[in-house]
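Dear colleague,

Please find the structure below, handed over for your own work.

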Amino acid sequence: MKKVLAILMAACLILLVFAGCGTDDANTDPSNAGTNGDPVKIVLLINGTLGDKSFFDSAKNGMDLIKEKYGDQVETQTVEMSYDATKWTPALIEFSEDADTDIIISGTWQMVDRVIEVAPDYPDKKYIVYDAEVDYTSGDYSNVYSITYKQNEASFLAGAASALVSKTNVFGFVGGMDNVTINDFLVGLIAGAQYIKPEMRFATAYIGNFDDAVKAKEITLSQIKNQNADVVYGCAGQAGLGSIEAAAEQGVYALGGDSDQAMSFKGVDDAKAQCIITSILKRVDQSLLRAVTASMEGTLQWGTTGSFGLADESVGLAENEYYEAILTEEQRAQIDEIEQKIISGEIEVPTALGRDTQEVKAYIDAAS
Amino acid sequence: MPEVLRSIFSVDFVYSALRLTTPVLFAALGSLVADRAGVTNIGLEGIMLFSALTGVLGSAYSGSLFVGMLCGLVTGLFIALIMAYFSLQMKADIILTGVAMNLVATGGTVFILYSICGDKSVSTSLSSLVFPTIEIPLIRDIPVLGDILSGHNLLTYLSLVAVVVVWFFLEKSKPGLRIRSVGENAHAAESVGIHVRRVRYGALLLSGALASFGGMFLSMGMLTYFSKNMTAGRGYIALAAQALGNGSAIGTFFASLVFGCAEALSVSLQGVGLPPQFVQMVPYVATILGLVLYAALRKNTKKRVRKHKRRKRGSP
């Protein structure tokens, strides 16, 4: 009996191993890529899994938009490389080796190092990295295009909206990690809030990861109770929801991030939905569509960085029913006005991207 | 700086320390029971994570908190049973079984969550029920103490009750005696007719049940939803707390309280101007210091025992 069981288990394992190979082969088999008519083959490599309802799903949506726009002219493929970082470089190389692939898209700062490692070896392939920037001075990356987001612009608007509803003039910010992107949100928020009310103060804290929602909630509670914050934002991926929960519990306002979080709570947990002023959106899909469109039209400047912001509709605020309920018409008009001023360049929003860490820290500390 | 001191010596701080102690305490008690039976339950983290998920699913779909609690509890028992089967019956290494369970839980919970809610990170599309908070009638009215002790989550009180129950169970009851004897010397226990494997099965199951409450507290007490990896290492901290507790339920309680305070401290210290990375270290540094202290104390005890033995041998 035991022997049979052991053999069965071994067979299962072997089967699994081969099954793994099987799907890999199917993915890389050049014969299943269309060769007739030569459509442009665009591959999106996701260094994680789909279903996060924000970042990666938005990238996938960008691929769908591209397919919709160009139809048979393009062939799109989305590959989930999983969160196992050891699989990322091999996948990148595999698709670079594939003769049919034309453009490889991948995102986040973790992929940048891998792309600049691989890209110079395949000069006839094009690479697009989003939400991170390649350092073009460090080598010849003329086939790589970087997309960065001006999340500070959307944050500026959100900060202004927060200042309009805040009574205590204290904002509670909980970041996932003390890194450049998170601080770019914060810098934008500070600038926006102080644009409306120069006396706005910011209580700032970091969790240290993007998982511990319990800690996010605890920190936010402490900011509300001890530091009198009455608008809070958990800029920490899924852990950020802990901050929204704390806000709903204490009856203060919160900001959402990544996706339209108020609408995701609608009908399920109205108390939370009603406390979310607005959500800061990063429209990865729009930026990818724009980049690929430019590439198809031959106007994309490979070897440079494109920075997408409010003007390109790549970042923005979620203007839903709760936004309209919390802010008066007058206040909303004020936000729209600020948006126009940012787009026209009249208001220059400070950023944390490409700035000295100490300088950014000093700016954040000055607001605390 | 005085602002920080004020926030530390505040009612809120103690209140939040107690709240942060709860999940660690449940898991640490679970670890204690298993440890006294001579099995190290590394899989606490996984059990907590699975129970956190099934508790939410159970309560959301049944609309009954009790059913949700049962779901979480049964899940904890079930995973402990699997671990017991592999380690006690099939003689797999208990540490490896536990580690495997934790790894299964990280991916498995997300997989289950995705198959059921179509979401890979949080269960906010379900409206989970939450264990109620309880105001204790008389204590509530005592000025400072009332604010600290009253108004906690049901599970927080339950965890404190569990300390007493586990203490009584291990030190005063017959099955507790069996567990201890199996843990002290399995062969000796076997020679007097104690069914070692059965006792260990029982201890692991009890351990799973306790840890499951720790998990449910996270998703149905502290928060109202399941979020992937929400245990964030609390199962491991619990192992350290149990070790630090020196094998007693009361000691485990105080050790857990130390970690709860350390975590609350890391919350209060935010925004003082200290580097955030330093503040985030606090609970873990406390863990390491605790373990070093524990090891040092233990070494001393061993030395004393050895000395004692030598003296005994010396005098006929």
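**Overall architecture of chain A**

Chain A contains 14 helices and twelve strands. Its radius of gyration is 23 Å, close to the 21 Å that the globule rule gives for 368 residues, so chain A is as compact as a globular protein of that length. Please bear in mind that this is a predicted model. The C-alpha trace of chain A spans about 65 × 65 × 40 Å along its principal axes.

Of the 368 residues in chain A, 49% are buried. Sequence separation was also examined: among the contacts in chain A between residues at least 6 apart in sequence, 70% join residues at least 24 apart.

**Contact between the chains**

The contact draws 30 residues from chain A and 28 residues from chain B. On the side of chain B that touches chain A, four helices each supply at least two residues: α2 (11–36), α10 (196–222), α12 (249–268) and α13 (276–314). By residue class, that side of chain B divides into 14 polar, ten nonpolar and four charged residues.

Helix α5 of chain A covers residues 151–165, 15 residues in total. From its first C-alpha to its last it reaches 21 Å, close to the 21 Å expected at 1.5 Å a residue. Of the 15 residues of α5(A), 14 are buried, so this helix is largely enclosed by the rest of the structure.

In chain B, helix α3 comprises the 19 residues 44–62. At 1.5 Å a residue α3(B) should span 27 Å, and the 26 Å between its end C-alpha atoms agrees with this. Helix α3(B) is mostly covered, with 17 of its 19 residues buried.

**Residue E117(A)**

Where does E117(A) lie? Its place is in helix α4 of chain A, which covers residues 109–118. The C-alpha atoms of E117(A) and T89(A) are 8.8 Å apart in space, while the two residues are 28 residues apart in sequence.

With kind regards

Terms used
Residues numbered from 1 in each chain as written. Chains lettered and ligands numbered in written order. Predicted model: local features only at pLDDT ≥ 70, side-chain atom pairs only at ≥ 80, totals over all residues. Rg over C-alpha atoms; globule rule 2.2 N^0.38 Å. Buried ≥ 20, exposed ≤ 12 C-beta atoms within 10 Å, placed from the backbone. Contact = placed C-beta atoms within 7 Å. Nonpolar A, V, L, I, M, F, W, Y, C, P; charged D, E, K, R; others polar. Expected span 1.5 Å × (residues − 1).
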